[in-house]
Amino acid sequence: YTVYPRQLYRLDSIAYLRFSTDADSLIKAHHRESLLHRGAPFTAASLDAERNRLNTLFRNNGYYYCQPTFFTYRADTLQRPDWVQLQVVPSRVLPPTASRRYYMRNATFHLYDSRRGYEFNDSVGGRRGNSGVRMRFVDVSGKHKPSVRFRILRRHVFFKKGDLYNQRIADLMQEKLGALGIFSQVAIGYVPKDSTDTCDSLDVNIHCVLDKPYDAEFKANASTKSNGLIGPGLSFGMTKRNAFHGGEKLSLNVLGFYEWQTGHSGNKN
């Protein structure tokens, strides 16, 4: 096959048009981060990368319902041969929710005990803290106390009431809650406070399933040494998750070995 690629098309001008006042100001404030530059090749990969950058920028600045497909392009190749005059514009089917900034409201932790499945009862127990953070839990013990101290969970809410939604902070919350090591599942959902057209606040529901409280490990091995000693060894370890209701891990390990001499090695003159 003989392929004739002809002339490479390059970007001539890049304009961001038809955005709202707030969105336009946000784009201009971060214009140096743009992945589209005059003189660069006109490629589908660069267009997709810029669209993803804009989506991340908007979601980190309150636009919770933003998606990459909400950014489209218009290209003019007639004004200047082999050059592209590019316009970045919002999609024509942009829903009203996507052009609105959202602010954080209340956060609620829902604690589930894996030993009781996933059942949950709102009336069982609840604790409210500062800045609109509260906890609801399944009362397994009958003591009306949660399995995890409230201040430990409150420490992992990285926003204050009234803050703009931020995707980076949302991902960090998910990561840090999972890193506690006491939950088998963590799911975070964001729900508008009401269904009105002017709603601009999100409530956060954080569902955490407590993992099994104990882990046990048993190992057996055999060893040989250069001095002629051989023998078996046994080890047993147990870990208690959330040992003191603060996300701690308490580990106990017991090791045992038995060795005997099978021969003697030495040097003779």
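This tour moves through the structure stop by stop, naming what to select and what is there.

**Before you start**

This is a predicted model, where local features need pLDDT of at least 70, side-chain atom pairs count only at pLDDT 80 or more, and totals for chains, interfaces and linings use all residues. Residues are numbered from 1 along each chain as its sequence is written, and side-chain values use heavy atoms, with hydrogens and water left out.

**The whole protein**

Show everything as a cartoon. The protein has four helices and twelve strands. Helices (H or I, at least four residues) and strands (E, at least two) are DSSP runs, numbered from the N terminus. Of its 269 residues, 34% count as buried. Buried means under 20% relative accessible area, exposed means over 50%, and partly exposed lies in between (1.4 Å probe, protein chains only).

Accessible areas come from the Shrake-Rupley method with a 1.4 Å probe; for residues, only the protein chains shown count as cover.

Now think about contacts (heavy atoms within 4.5 Å). Among those with a separation of 6 or more, 59% join residues 24 or more positions apart.

**Stop 1: helix α1**

Select residues 21-29, which form α1. Which residues of α1 are buried? They are A23, D24, L26 and I27. These four sit on the same side of α1, because they cover an arc of only 160° around the axis. The arc is that of the directions from the helix axis to the C-beta atoms. Turn to the face away from the buried side: the exposed T21, K28 and A29 are there.

**Stop 2: helix α2**

Select 44-59 for α2. Its end C-alpha atoms are 23 Å apart, which agrees with the 22 Å that its 16 residues should span at 1.5 Å a residue. The expected span is 1.5 Å times one less than the number of residues. Colour the buried residues: S46, L47, E50, R53, L54, N55, L57, F58 and R59. Their cover includes β1, α1, β2 (71-76), β3 (83-90) and α4.

Follow the loop from α2 to β2 and stop at P68. P68 is partly exposed, with a relative accessible area of 26%. Which residues does P68 touch, not counting those up to four places away in sequence? R51, N52 and N55. Draw a line from P68 to D48: their C-alpha atoms are 8.4 Å apart, across 20 residues of chain.

**Stop 3: helix α4**

Select 167-179, the 13 residues of α4. From first C-alpha to last, α4 reaches 18 Å, close to the 18 Å expected. Q167, A170, M173 and L177 are buried in α4. Their arc is only 120° around the axis, so they lie on the same side of α4. They pack against α2, β4 (103-113), β7 (183-192) and β8 (201-210). The face turned away carries the exposed R168, E175 and A179.

**Stop 4: the nonpolar patch**

Select Y214, F218, L234, F236, M238, L252 and V254. Together they form a nonpolar surface patch of about 720 Å² accessible area. The elements giving two or more residues are β9 (214-224), β10 (229-241) and β11 (249-257). Which strand gives the most? β10 does, with three residues. End on F236, in strand β10. F236 is partly exposed, at 36% relative accessible area.

Like charges are joined within 9 Å, and nonpolar side chains (Val, Leu, Ile, Met, Phe, Trp, Tyr) within 5 Å.

Terms used:
Patch = residues over 30% accessible without salt bridge, like charges linked within 9 Å, V, L, I, M, F, W, Y side chains within 5 Å. Salt bridge = Lys/Arg side-chain N within 4 Å of Asp/Glu carboxyl O.
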